[in-house]
Amino acid sequence: MTERADAIVVGLGASGGIIAHQLAAAGLRVLALDKGPMHSDDEFRFKHDEIRYYSRGSLVPQLSTDPVTWRPDEGTPSRLLPWATGVLGNSEPLHLPPSVGPGGGTLHWGGASWRHRDSDFRMRSLIVERFGADALPGDSTMVDWPLRYRDLEPYYDRAEWELGVSGQAGNVGGEMHPGGNPFEESRRRGYPMPPLRRAAADDRFRAACERLGFHPFQQPAAIASTDYKSLSACQYCGFCHGYLCHVNAKQSSRITSVRAALDTGNLRLVPSARVFKVSRGGASGRVTGVSYFRPDGTVEEAHADLVILACYALENARLLLTSGINRNGEVGRHFMTHSFGWCTAVLPEYSNPFMAPLVAASVVDDLNAELVPDNDEGVLWGSVITSIPGDLQPIEAAHNLPPGQPRWGREFKAWFARNYRRLFGIHNQIPSFPSRRYYCDLDPDVRDKFGQPALRITHGWAGHDVTALRYFQNIKRRICEEMGAVEFWTERLPPPYHLSTHEVGTHRMGEDPGTSVVDLYGQSHECEGLYVVGGGQFPTLSGYNPTQTIQALAYLSADHILKG
Amino acid sequence: MWKFFRPEEAAAVEAMSARIIPSDPGSPGAREAGAVRYIDEALAEASPDLGRLYRDGAAHLDELSHSRCGRVFADLGPAEQDVLLASLDQAPDGEVRDAAGGEQAGILGRLFAVVWEHTIQGVFGDPMYGGNQDCVGWKLIGFPGAQWGYDAGQMRPGFDAATIPVQTLGQLRQRSSAAGDGGPGAGPRGGA
């Protein structure tokens, strides 16, 4: 069967949902294809189920159906992501590509909703100015963004007010506001909702940080603190990151955008439609549509003169590669991700970490990005320091014990019975730097059940990652001590995983068609009518979570498409 | 009685789980939680691929136990069981440290790793999957289970959450349908 539409949107996550909605609202007939199932409200009104969503990872693409392989370097054979391959045969959900189905990554996400700093758009220039050109390694492919904060500010504002973000502004039009981020870039107005109630242990984190001279503030959250548009106020149930929301408090493109797009009558949505190829035609090789598999393996074709690939950064790259759209060899290069340096503490009093969303918490920005002070260790670019006081269920907690702590027997039982309700976490987001050595391509040996090649990631943690992780580990240790923690430990440095659900850079945007894949609107340099949008566009990764920047870029792309 | 296990397999697996989270006077463990019941249901429904490992692994474990101590694993005393299990427990990415060597060691190492995961799930997961009977796992660690939400008073530092009645997902569902709407407080707005 062949179907024709004005526009085809592939993937309905953070970017695809917005673009599908904007185009449908403007009167275009939009066909949306998502490889996951359509979730209903009924399905997750009772989502308080750690076995289903954590242990069995029912929202995320499993490696058995959506294989992804990894190798640390070109000399080592690749294999299915070893850190996500559990002994039970299903995949650990927190270090895989994000959830699938309309909503995409915004189904499972924690809801951290950040604007970049202006400096995040100029990482290369600022590092070179401050530390010299030799500070970056010879294999670095770091570039500045083709836009600045002021270019995206209207789109950040639009994302916050159209989709719903709660928080306390720090800098409105140059006027500083108490309680907000003292380092914030100027914004035209505050947030549409006040901040969430913070989880219990966050008070202790804040007080400790203030005594150490830092300036903690509440992080902005894409979770409703009050009823707002299609969102309802958060109930603080604690099954948040990795779960769907039972009251639709967590902003998800499924409810903020997909539902609105369907309401226009101009969107036809096909779930469980696995796109495998972008079709081209004519002398110019312009886009003509896509081909996709139904779950039973039947191949369908759909035609449109406008195709928007809005999948995850990894899947977008895979689709470009399987479609042969990679004339300059740039697709899949510049892979970047976050390392977290997870730090866990046992506090002297009950912290009840099973309450509240992950992001009902404070952040310290004093050492983020270019704000990191001159240091002997060699840290070129800093990170947020984020308090994680909530959203921790017992099975996940049992997988994170201090080194040397017996994990079974009487001692384990006593430790867990005493300490589960006293746990608290702190993490960073160290942005990895783009390098010639770290990239994605098609695995020559591994295919999915439809015969399509798996994506292969080549990535190792670089010197700067380790340096920054160690630097921030010391700071987290000081914070834990100041908090009166009776025990604290960090994950292995560098960590075993190479996916953080914050992968970016794989179809970099830029003005030069020779060195980038898309322009700043997400439009392919190579294939007319094709847009490739999302985190894959990022020239560099910030210390912040990427989603709100992905949303802002999606509004920018939609405007550009509609202005034609 | 069992959906997957043969009785002797169930006995061996239950004995393993009972050493992972042991029972104490006044403090139930994996045995009272019914972790083995959870595992049986998981093997019958969610994870049939692991059936072979359990079947072969339980047989190997009893052989090893017999050759070392003259009895099957379930009939050993707790101290003997602990010594044997410690020889199977491997670092997540490491080699079996002791044990019987060769292929049997590989199977037993994998069996222990799988039983560990399944025991944690069967003690701390929702009772609807067959384990965590009477929510003994949740009561042990002070987790109130499936709650629609928490209020500002409950979210104060130091609040004793043991004062919140523990609730299963089934109970939350029942209470919500009795309340006649999506749940206590606000339900999702809009349709679909």
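At 7% relative accessibility, Gln167(B) counts as buried (under 20% relative accessible area, with exposed over 50% and partly exposed in between; 1.4 Å probe, protein chains only). The model is predicted, local features need pLDDT of at least 70, side-chain atom pairs count only at pLDDT 80 or more, and totals for chains, interfaces and linings use all residues. Residues are numbered from 1 along each chain as its sequence is written, chains are lettered from A and ligands numbered from 1 in the order written, and side-chain values use heavy atoms, without hydrogens and water.

Trainee: Which residue's side chain does the side chain of Gln167(B) join in a polar contact?

Mentor: Gln167(B) lies in the loop between α7 (136–141) and α8 (169–179) of chain B. Contacts (heavy atoms within 4.5 Å) beyond four places in sequence include Trp138(B), Leu172(B) and Arg175(B). The side-chain polar contact, at 2.4 Å, is with Arg175(B).

Trainee: How many of the residues of strand β18 of chain A are buried?

Mentor: In a regular strand, side chains alternate between the two faces of the sheet. Leu423(A), Gly425(A) and His427(A) point one way from β18(A), and Phe424(A), Ile426(A) and Asn428(A) the other way. For β18 (residues 423–428) of chain A, the number buried is six of six.

Trainee: Which residue stands opposite His427(A) in β18(A)?

Mentor: Strand β15 (residues 343–346) of chain A runs antiparallel to β18(A), joined by four bridges. Strand β17 (residues 385–388) of chain A also pairs with β18(A) in the antiparallel sense over four bridges. Opposite Leu423(A) stands Val346(A), and opposite His427(A) stands Thr386(A).

Note on methods
Helices (H or I, at least four residues) and strands (E, at least two) are DSSP runs, numbered from the N terminus. A polar contact is a pair of N or O atoms within 3.5 Å; within protein, one must be able to donate a hydrogen and the other to accept it, and residues adjacent in sequence count only if both atoms are side-chain atoms. Two strands pair if DSSP finds at least two bridges between them.
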